[in-house]
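Subject: Structure handover

Hi,

Here is the structure for you to look over. My notes follow below it.

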Amino acid sequence: MTLYQPFLDYAIALLQERLNLQPYAIPQGFESKQATVGKGKHQQEVLTTSYAYQTIKLRQIPAAHVQGGNSLQVLNFVIFPHLNYDLPFFGADLVTLPGGHLIALDMQPLFRDDLGYQTSIHRILRVLLHGRWRSLDQKQQSIYTKH
């Protein structure tokens, strides 16, 4: 068992229980890939496994799990709603390298150029976050205006 496999198993089981997940086609040959990386004593087997699901409201729920022993552990997990639902996309990257861990969580509006849409998504995020980040609106507005 790897570092992030329990999280992935739990997330898929929870989504299946609540959302009736259906398979989403992964191109043949990309379901699982194994490679040897590095040289000499730094040589390491790396296994990448891909998962993909969909639901009535969520068009894609892809996940990629990279297992590289003690050198590398990665889980990328994303949820993309269908475009006709007023929902943000969600992304999570969990990365472990020999020097430490990195966890990045992302939840953004699908349409960044529509101010009304952004406002409605910010309202949802405020409810979800319960005011934990008071400057969320200011930070997001500065990001949108820069890009």
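Five elements each supply at least two residues of the lining of the largest pocket: helix 1 (5–19), strand 5 (72–81), strand 6 (89–97), strand 7 (100–108) and helix 2 (115–129). Helix 1 gives the largest share, six residues. Bear in mind that this is a predicted model.

The largest pocket holds about 570 Å³ of space. It is lined by 25 residues, and L15, L19, L58, I79 and F90 are the closest to its centre. By type, the lining divides into 19 nonpolar residues, four polar and two charged.

Next, the core. The largest nonpolar core has 13 residues. Those with the most contacts inside it are L8, L15, L21, I61, L75, F77 and I79. Helix 1, strand 4 (58–68) and strand 5 each supply at least two residues of this core. Helix 1 gives the most, with four residues. As background, nonpolar side chains in soluble globular proteins tend to be buried together.

Two residues to look at are L21 and I12. Leaving aside neighbours within four places in sequence, L21 is in contact with I12, L15, Q16, Y53, Q54, T55 and I61.

I12 is found in helix 1. Is I12 buried or exposed? Its relative accessible area is 15%, so I12 counts as buried, the cut-off being under 20%.

Best wishes

Technical notes
Residues numbered from 1 in each chain as written. Predicted model: local features only at pLDDT ≥ 70, side-chain atom pairs only at ≥ 80, totals over all residues. Heavy atoms only, no water. 1 Å grid on protein atoms, 1.4 Å probe; cavity = no way out; pocket = protein on both sides within 12 Å on 5 of 7 lines; lining within 4 Å. Points joined across faces, edges and corners; volume = space filled by probe spheres on them. Nonpolar A, V, L, I, M, F, W, Y, C, P; charged D, E, K, R; others polar. Core = buried A, V, L, I, M, F, W, Y, C linked by side-chain atoms within 4.5 Å. Buried < 20%, exposed > 50% of the residue type's maximum accessible area, 1.4 Å probe, protein only. Contact = heavy atoms within 4.5 Å.
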